[in-house]
Amino acid sequence: MTTTVAAALLLGPGVDRVDGRLKVTGAAHYPSDVSWPDMAHAALVRSTIAAGTIARLDTARAAAAPGVLAVITHQNAGRLHKAKRTLQQILYPPPPPPLQDAKISHHGQYVAMVVAETPQQAAAAARLVEVSYDRGQPVLTLEDAAAKPGSNPYLTDMKRGNVTAAMEAAEVTVEGTFTTPAQTHNPLGPFTTVARWDGGTLTVYDSTQNPFNVRAVLAASFGLAEENVRVLSPYVGGGFGAGLRSWPHSILAALAARTVKRPVRLSLTRPQMFTGIGQRPSTVQHLKIAATRDGKLVAIDHEGTSTASMAAAPPARKAPLQSLPPAPGDPYFPLTIGTTAAYACPNVTARDKRVRLNIPPIAMMRAPGEAEGNFALESLLDELSYELGMDPIELRLRNYAEVHPPTGLPWSSKALRECYQVGADRFGWARREPAVGAMRDGRWLVGYGVAGVTFTHYQARCQARATIRRDGTARVASGATDIGTGTYTVMTQLAAEVLGLGLDRVTFELGDTRLPRAPEAGGSGLTAALGSAVHNTCVALVQRFLALAAADSGSPLQGCAIEDVVASDGRLARGDDESRGQTYAEILERHGLDELTADGDSGPSRADTGVIVGSLVASRLGRFGRTLVGASHATVPAGAFGARFAEVRVDPELGALQIARIVSVTDGGRIINEKLARSQIIGGTVGGIGMAMFEQTISDPGSGRVANATLSDYLVAVNADVPDIDVAFVGEPDPGNPIGVKGVGEVGLAGIAAAIANAVHHATGRRIRSLPITIDQLL
Ligand code: MOS
């Protein structure tokens, strides 16, 4: 595997993870490693029906089982309050509080919890809880006549030009219906909450990507002030979006601890991970594209429908004017968002619809909506290229969006053309025989496929704090999470660079709501948000040191402004004469200080399409919302971009599909750590191969029970399925934030499924519009 990065982009090429040693030696404590004296354990009982009510609960046998301390059901749980709706929770709405009534809205919903001395005793007793139900009629599939589509609560629908007229007049049209299945995130780390009460304060360790959101929900549930709840998540065993919302089990762990007056740990089992922490919705998309004979797009119509959960049915409406609107109860899932921004096309309509089913709650999952939307769009563009007899890359370049199509504004930066060029070179696209089935390797049919990616940039507000001590070391902190992506490392690098310290002199702390407020590790936006905050905070800290030195007649830095100094080796020096300077330690000593601290923050990126928060708030709050967000959003459209190339082999007799090669080229702005960014793209690519070939959460159509809720039944791509992945980065630092970052957390997954499906078509002539691509579709 190889990687190139333009040298100017690189800050710390290949810096190893600063937390790598802690992780491999077991010294990094994940929530499931947390153990407190006198800790008890909770186990959950789940509904075995998808709709109806609990008719009878008998907990006597469970309560009498060895080691059992409490059995909690809706009959004795007491009142848990609904979380207040904040801006944050419009994106990540809390599910309804657990164990509040007898109503069942999905299979796997919690109906009881057992607390016992050991996890084994809790699990054994949980099996003794007897529940009978009055069954209702569940709505389980999109095909069910009772499944009624509703409009997207986020109102990302858009319309430009006149699609109907353009379609009628068009020389060429293609259309298709694309389907994608429900998926489950399956982070390796079992989601765990460890909860402890000290009087009226609650401390939890939690598997989350969004500790401040968990804090808000826990505080609301138990009627506490937020400062009386502390959420810690220094290590999280993966998230993929499952940790963006807060989940009922976290509330239940705290409830268990309050009930038995002891610390309690609650770890989800793998099957519970399939019903308790969200799933990627299944989708159906109708897409129609019209073009001229020479390949100019004239119209696109895209309608996407995704599933939503009855467990999130919206509350009664009508919020008072200028207060936050009612949270829709479902997370943001923008299926058609990429279609509106990816290509220069004058006439576009896009509609997102949702259908509420008796299924577990929905969660965003890596590249939510955008991955599915991209599969449809990039597949149908490939079909169009065959209709036109045009090279698929040429077709995309002919419709290159030089400006952001919805607004006509210039992109903050865009190197998608370079993605295609570099990718085509590295892949050897020129060797492609255009005709279907023309390339062979022995009995294998060989196919080449390509897909482009335009991925929304998102960056939220973030705060940080930085301190330099007399020993010349720095501590930088913010209450963000590192879900395995490398946040500890990248933030250490950024702080070390600005402060002019070696990496070994900087400690970065995160994963604690007592630290400055940080946004979720999600939306591919944390590196931009937190990195900008760390940058700004460290600049502010240098300024504090300089303020002391500049006013000091004994300092060689007297009279210097920040533009006049350089920071290196723990020392500030004059830019015009680096022999003249002072170390941080010297400045502290001279002023009789042990340490200096600075607080800082970053706002939403100037380069932000604002599509997520902006359009959402604007649409839900009308003109007030537009005023609220307009100043900081939608001023400069921004996105990450990519080109994905796949070579596949298909056995024409057996229908077996193998991925031979992937080339993935990304414009993510400045790449702070080439090794970690490359890991992100590789991880996203593996997820994309899973999406193309394996992953689907299958529910029994009669009962709604997840039928493949184990890692042996839910297939993910494993080493044997993953070929050589060639990762390259192009582009330049983005001007939208001080560190030049656009984010690479999700863009690597998008485009992979379409590139593979397009390669399958090239090899076989089969146009697969339904994921995953399985053997039966290729026979
Ligand atoms: Mo990602 S779905 O923003 O964790």
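Student: What counts as a polar contact?

Tutor: A polar contact is a pair of N or O atoms within 3.5 Å. Within protein, one atom must be able to donate a hydrogen and the other to accept it. Keep in mind that this is a predicted model.

Student: Which backbone oxygen does the side chain of Asn-399 reach?

Tutor: The side chain of Asn-399 reaches the backbone oxygen of Gly-295, at 2.8 Å. Asn-399 sits in the loop between α11 (392-398) and β18 (403-404).

Student: Is Asn-399 buried or exposed?

Tutor: Buried means under 20% relative accessible area. Asn-399 has 1%, so the residue is buried. Leaving out residues up to four places away in sequence, Asn-399 touches Gly-295, Lys-296, Leu-297, Tyr-343 and Ala-344.

Student: Where does Thr-184 lie?

Tutor: Look in the loop between β10 (172-180) and β11 (192-198). Thr-184 is buried, with a relative accessible area of 1%. Its side chain makes a polar contact with the side chain of Thr-697, at 2.7 Å.

Student: Which residues does Thr-184 touch, not counting residues up to four places away in sequence?

Tutor: Thr-184 touches Met-273, Phe-274, Met-365, Glu-695, Thr-697 and Tyr-714.

Student: Now helices. How do I read the angle between α13 and α14?

Tutor: Angles under 35 degrees count as roughly parallel. The axes of α13 (residues 487-499) and α14 (residues 526-550) cross at roughly 30 degrees. The two helices are therefore roughly parallel to each other. Their axes come within 9 Å. The crossing of α13 past α14 is right-handed.

Student: Which residues of α13 meet α14?

Tutor: Start with the general idea. An α-helix has 3.6 residues a turn, so residues three or four places apart point the same way. Now the case here. From α13 come Thr-487, Val-490, Met-491, Leu-494, Ala-495, Val-498 and Leu-499. Their partners in α14 include Leu-526, Leu-530, Val-534, His-535 and Cys-538. By class, this contact of α13 with α14 has 13 nonpolar, four polar and no charged residues.

Student: Where is Ala-496?

Tutor: Ala-496 is in helix α13. This alanine is buried, with a relative accessible area of 5%. Not counting residues up to four places away in sequence, Ala-496 touches Leu-501, Gly-502, Leu-503 and Val-506.

Student: How many residues apart in sequence are Ala-496 and Ala-474?

Tutor: They are 22 residues apart in sequence. In space, the separation is 8.5 Å, C-alpha to C-alpha.

Student: How do α6 and α7 cross?

Tutor: The axes of α6 (residues 211-221) and α7 (residues 248-260) cross at roughly 50 degrees and come within 10 Å. These helices are therefore oblique to each other. Their crossing is right-handed.

Student: Which residues of α6 and α7 meet?

Tutor: Val-217, Leu-218 and Ser-221 in α6 meet Ser-250, Ile-251 and Ala-254 in α7. By class, the contact has four nonpolar, two polar and no charged residues.

Student: How many residues of α6 are buried?

Tutor: Eleven of its eleven residues are buried, and the helix is mostly covered. Among them are Pro-211, Phe-212, Asn-213 and Arg-215.

Student: What is the phi of Gly-223, which follows α6?

Tutor: The phi of Gly-223 is positive, near 65 degrees.

Technical notes:
Residues are numbered from 1 along each chain as its sequence is written. This is a predicted model: local features need pLDDT of at least 70, side-chain atom pairs count only at pLDDT 80 or more; totals for chains, interfaces and linings use all residues. Side-chain values use heavy atoms; hydrogens and water are left out. Helices (H or I, at least four residues) and strands (E, at least two) are DSSP runs, numbered from the N terminus. Buried means under 20% relative accessible area, exposed over 50%, partly exposed in between (1.4 Å probe, protein chains only). Contact means heavy atoms within 4.5 Å. Axes are lines fitted to C-alpha atoms, for helices over the stretch in contact, and angles run from 0 to 180 degrees between N-to-C directions. Angles under 35 degrees count as roughly parallel, over 145 as roughly antiparallel, 65 to 115 as roughly perpendicular and the rest as oblique. A crossing is left-handed if the near helix is turned anticlockwise from the far one by less than a right angle, and right-handed if clockwise. Ala, Val, Leu, Ile, Met, Phe, Trp, Tyr, Cys and Pro count as nonpolar, Asp, Glu, Lys and Arg as charged, and the others, Gly among them, as polar.
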